[in-house]
Amino acid sequence: GQQGGAVLRALVGEGIAAVAITRNPESEKAKALASLPGVEVRKADLDDQASLEAAFAGCDGAFVVANFWEGMDVTREMKQYENCANALKAVGGMKHIVMTTLEETSNHPKMEDAKVLLNHPTGDMKVPHYDGKNRSHKFFDGLPVSFLYTSCFLDNFTTFFTLYKQADETYQFTLPLGDGPIAWTILSDLGKMTVGIMRRP
């Protein structure tokens, strides 16, 4: 994925050997990663704890991220984080783990007037892809972990967001921000921050 790829490139840039975990090692993207110096590609699935244990074996650090947007099922996403945490505990020997995350929105003072989008067993969620990540922190209790809070990725303008062509031949992008500011993150910076945290937790 985008985040994992950024972290991998940052590790390679620092001359650090890394394992890239993917469901499909035969994909073109996985083969491209395998061609990088010091990179080993291993097959695993976030829905399968045993496969994660095999993939984490021999590693002394881990970068953890799940993909809510694949299926948009927050319960599944949370279970994937639980699988990762349980696998990391089973393998042991981790010096440090970094999980990218987002804020809890249900009790955020700026979200008081926001409607509840999901009645979830863990409590109401106003922004599920935020709340699910934040509520997954508990799975990592007892592990040496840092939770790295991210924001919108500037890179999404070329990969995720849709630009709409206007009558005057310009393009428009819309976010419902009101008068508030928004923080932006660059993926390459995320990679460098993650490596920095792993080196100096």
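What percentage of the 201 residues in the chain do buried residues make up?

Author: Buried residues, those under 20% relative accessible area with a 1.4 Å probe and protein chains only, make up 37% of the 201 residues. The structure is a predicted model, in which local features need pLDDT of at least 70, side-chain atom pairs count only at pLDDT 80 or more, and totals for chains, interfaces and linings use all residues. Residues are numbered from 1 along each chain as its sequence is written, and side-chain values use heavy atoms, with hydrogens and water left out.

The chain contains seven helices and eleven strands; these are DSSP runs, numbered from the N terminus, with helices (H or I) of at least four residues and strands (E) of at least two. The radius of gyration, taken over C-alpha atoms, is 18 Å, close to the 17 Å that the globule rule gives for 201 residues, so the chain is as compact as a globular protein of that length. That rule is 2.2 Å times the number of residues to the power 0.38. Along its principal axes, the C-alpha trace spans about 50 × 45 × 30 Å. Of the contacts (heavy atoms within 4.5 Å) with a separation of 6 or more, 64% are between residues 24 or more positions apart.

The aromatic rings may now be considered. A search of the whole structure finds nine aromatic pairs. Rings of Phe, Tyr and Trp (its six-membered ring) pair if their centres lie within 6.5 Å; planes under 30 degrees apart count as stacked, over 60 as edge-to-face and the rest as tilted. One of the pairs joins F157 and F173, edge-to-face, at 4.8 Å centre to centre and with 70 degrees between the planes. F157 lies in helix α6 (residues 156-159) and F173 in the loop between β10 (171-172) and β11 (184-185), so this pair ties together parts that are 16 residues apart in sequence.

Ring pairs link F157, F161 and F173 into a cluster with F68, W69, F160 and W184.

Note on methods
Buried means under 20% relative accessible area, exposed over 50%, partly exposed in between (1.4 Å probe, protein chains only).
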